[in-house]
Amino acid sequence: MSQPGPDSSPDPDDRPWDEVSRFPTFVDHLENEGAFSVREIIANLDVEIPVDGIVYHDRGIRVPGYDATFVHEPSRGRPAFSLEVDTVGPRNAWAVFDAQLGWDLYLLRTEGVSALAWVSDEEYKTEEATHFRTKHDALAAGRFSFGVFCYSGSDWDERVARIEGTDAPAYLKRDDGTPVIPQNPSEFYDYIGSSATELRQTGGGAPPHLGILELEVTIN
């Protein structure tokens with residue numbers, strides 16, 4: 001994948017991400033390559049970002065893993081791509097996205113944390129356009145539904161211990177940022193108000209403008 005290029009939009013005065021860069025032609029590149037992982041993307045950057053593990057962010061759901069891979073999905077009846085998480089322990093996590101919605105992939109950086117976030121034109125237009133002039137501005141303010149956070153050292157060890165201390169498929173974050181740690185699958189699905197089957201078939205009840213077609217978050 002080619003290096004991300006700086007977006008020329010002015011930076012907001014108050015934002016959680018100090019640096020926001022956009023990768024050009026994300027979906028086209030994925031279609032040509034077939035697949036690429038988060039670690040591959042990070043390894044090919046000009047900046048050094050240590051990665052011992054990642055956490056997939058799907059709105060309030062957090063799934064720790066050792067890597068995550070974007071995959072072109074040519075057999076879905078519509079243009080689509082997926083993200084598959086190499087999870088910690090006997091967990092399964094993947095999501096399928098509608099590739100027709102005009103996606104951009106961004107690298108976000110701030111002190112001690114980096115992330116990749118992908119945002120569709122439809123999400124920006126529906127949820128953020130009245131508040132932020134560009135996607136760049138929305139991303140800089142932390143406004144995105146899907147992302148992969150990169151961690152290393154004790155920060156990663158903490159997230160591994162958090163999920164390994166439960167039999168749940170994932171943990172969650174409240175809007176104020178505090179974690180919710182279900183202890184088993186039943187607690188997890190009760191908290192999000194969905195069964196595993198409903199979650200998979202509806203993309204977690206996401207509205208159409210978010211572009212998520214399926215979402216699997218389970219534990220064996």
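Q: What does Leu 210 touch, not counting residues up to four places away in sequence?
A: Leu 210 touches Arg 59, Leu 101, Trp 103, Glu 123, Glu 127, Ser 145 and Phe 146. Contact here means heavy atoms within 4.5 Å.

Q: What kind of model is this, and how are the residues numbered?
A: This is a predicted model, in which local features need pLDDT of at least 70 and side-chain atom pairs count only at pLDDT 80 or more, while totals for chains, interfaces and linings use all residues. Residues are numbered from 1 along each chain as its sequence is written, and side-chain values use heavy atoms, leaving out hydrogens and water.

Q: Why does Leu 210 count as buried?
A: Its relative accessibility is 3%. Buried means under 20% relative accessible area, exposed over 50%, and partly exposed in between (1.4 Å probe, protein chains only). Leu 210 therefore counts as buried. Leu 210 sits in the loop between helix H7 (196–202) and strand S13 (212–219). Helices (H or I, at least four residues) and strands (E, at least two) are DSSP runs, numbered from the N terminus.

Q: What makes Leu 215 buried?
A: Leu 215 has a relative accessible area of 1%, so it is buried. Leu 215 lies in strand S13. Leaving aside neighbours within four places in sequence, Leu 215 is in contact with residues including Tyr 56, Trp 94, Ala 95 and Leu 199.

Q: Why is Lys 135 called buried?
A: The relative accessible area of Lys 135 is 8%, which means that Lys 135 is buried. This lysine is placed in helix H4 (residues 135–140). Beyond four places in sequence, Lys 135 touches Gly 102, Trp 103, Asp 104, Tyr 106, Val 119, Ser 120, Asp 121 and Tyr 124.

Q: Is Val 160 buried or exposed, and what decides this?
A: Val 160 has 12% relative accessibility, so it counts as buried. Val 160 lies in helix H5. Its C-alpha atom is 9.3 Å from that of Gly 89, 71 residues away along the chain.

Q: How do you know that the buried residues of H1 line one face of the helix?
A: Phe 26, His 29 and Leu 30 are buried in helix H1 (residues 26–33). Seen down the axis of H1, the buried residues fall within an arc of 100 degrees, so they line one face. The arc is that of the directions from the helix axis to the C-beta atoms. Their cover includes strand S2 (19–23), strand S3 (35–37) and strand S6 (80–87).

Q: Why do Thr 25 and Arg 59 count as partly exposed?
A: Thr 25 is at 49% relative accessibility, so it counts as partly exposed. Arg 59 is at 24%, so it also counts as partly exposed.

Q: What makes a set of residues a nonpolar core?
A: A nonpolar core is a set of buried Ala, Val, Leu, Ile, Met, Phe, Trp, Tyr and Cys residues joined through side-chain atoms within 4.5 Å. The largest one has 44 residues, and Val 38, Tyr 56 and Trp 118 are among those with the most contacts inside it. Strand S5 (residues 61–73) gives the largest share, four residues. Another core, of 18 residues, lies apart from it and includes Trp 17 and Val 88.

Q: Why is the largest pocket called a pocket, and what lines it?
A: On a 1 Å grid over the protein atoms alone, a pocket is an open set of points where a 1.4 Å probe fits, with protein on both sides within 12 Å along at least five of seven lines; lining residues have an atom within 4 Å of a point. The largest pocket holds about 530 Å³ of space. Its lining has 18 residues, with His 57, Arg 62, Lys 173, Arg 174 and Gly 177 nearest the centre. The lining divides into seven nonpolar, four polar and seven charged residues.

Terms used. Grid points are joined across faces, edges and corners, and a volume is the space filled by probe spheres set on the points. Ala, Val, Leu, Ile, Met, Phe, Trp, Tyr, Cys and Pro count as nonpolar, Asp, Glu, Lys and Arg as charged, and the others, Gly among them, as polar.
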